[in-house]
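Please keep the sequence and the structure in view while reading.

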Amino acid sequence: MSNPDNITRRPLKSRNTKWANAIAGRLASMGVRPNVISVAGTFFAAGAGLCFWFAGRMGQNYVLSLLLILAVCGMQLRLLCNLFDGMVAIEGGFKTKAGEIFNELPDRFSDAFIFIGAAYSLPAFAWTWELGWAAAVLAVITAYVRALGASMGAGQHFIGPMAKQQRMALMTTACLIGAAAPLWPPLANVIPLALAIVVVGCIFTIFRRCHRIARVMELKP
């Protein structure tokens, strides 16, 4: 197990890829600041949330499919912004003293926009509203626990099973499956199912992170 005291950034394999470094380098050479990228990620997330909301007002038609695919694009662009803001800040040399505010706070709004939007994506299903709002709250708490561990001196704990990347991967998969609902309407129910998995997964993740933080603190001299 890696020492969380030595981990200050979310471990991402994509950070070491040639394409990611090429894009981050290009953004840095253009003078794009990491704080701007962080805020842009929130706008993409808000766009995904709006697509979910509008999808809930469509019937089982191909407009629904288009909106869910656009929601996928918004969520993935949000993740790319989350990747590039840190790379431009650290590798590009644009890190600022106040950068952590832009790194953390917009991300919490991003989670809320996506899951609250998803709460209204399928009004015909009885529990979609409750599941979406619960997922939004628990996603924010999951990130809060990680930040709490860092503030206590227990290090950054990015463990899952429902960390940010896993949440977005699950919602992306649900949207792609749900986009086929015009061909087979029951497929739309995959979105509330995904929200339920997010809720349960976030609760387990919060417990795991709290347990890990408590164990680290108890072992400190």
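**Nonpolar cores**

The largest nonpolar core holds 41 residues, and those with the most contacts inside it are F52, L68, M75, F115 and M171. A nonpolar core is a set of buried Ala, Val, Leu, Ile, Met, Phe, Trp, Tyr and Cys residues joined through side-chain atoms within 4.5 Å; buried means under 20% relative accessible area, with exposed over 50% and partly exposed in between (1.4 Å probe, protein chains only). The model is predicted: local features need pLDDT of at least 70 and side-chain atom pairs count only at pLDDT 80 or more, while totals for chains, interfaces and linings use all residues. Residues are numbered from 1 along each chain as its sequence is written, and side-chain values use heavy atoms, with hydrogens and water left out.

- Two or more residues of this core come from each of helix 2 (34-55), helix 3 (62-90), helix 4 (99-119), helix 5 (128-151), helix 6 (164-178) and helix 7 (190-219); helices are DSSP runs (H or I, at least four residues) numbered from the N terminus.
- Helix 7 gives the largest share, 10 residues.
- Another core, of 11 residues, lies apart from it and includes L12, I37, C81 and F84.
- Beyond its neighbours within four places in sequence, M75 is in contact (heavy atoms within 4.5 Å) with A48, F52, I114, M168, M171, T172 and C175.

**Helix 3 and helix 6**

- The two axes (lines fitted to C-alpha atoms over the stretch in contact, with angles from 0 to 180 degrees between N-to-C directions) come within 8 Å and cross at roughly 160°.
- Helix 3 is therefore roughly antiparallel to helix 6, a term for angles over 145 degrees, whereas those under 35 count as roughly parallel, 65 to 115 as roughly perpendicular and the rest as oblique.
- The contact of helix 3 with helix 6 comprises nine nonpolar, five polar and two charged residues; Ala, Val, Leu, Ile, Met, Phe, Trp, Tyr, Cys and Pro count as nonpolar, Asp, Glu, Lys and Arg as charged, and the others, Gly among them, as polar.

**Helix 5 and helix 7**

- Helix 5 and helix 7 pack with their axes 8 Å apart, at an angle of about 20°, and are therefore roughly parallel to each other.
- Their contact contains 18 nonpolar, five polar and two charged residues.

**Individual sites**

- R15, in the segment before helix 1 (18-29), counts as buried because its relative accessibility is 14%.
- G160 and P161 are joined by a cis peptide bond, with omega about 25°; P161 is in the loop between helix 5 and helix 6.
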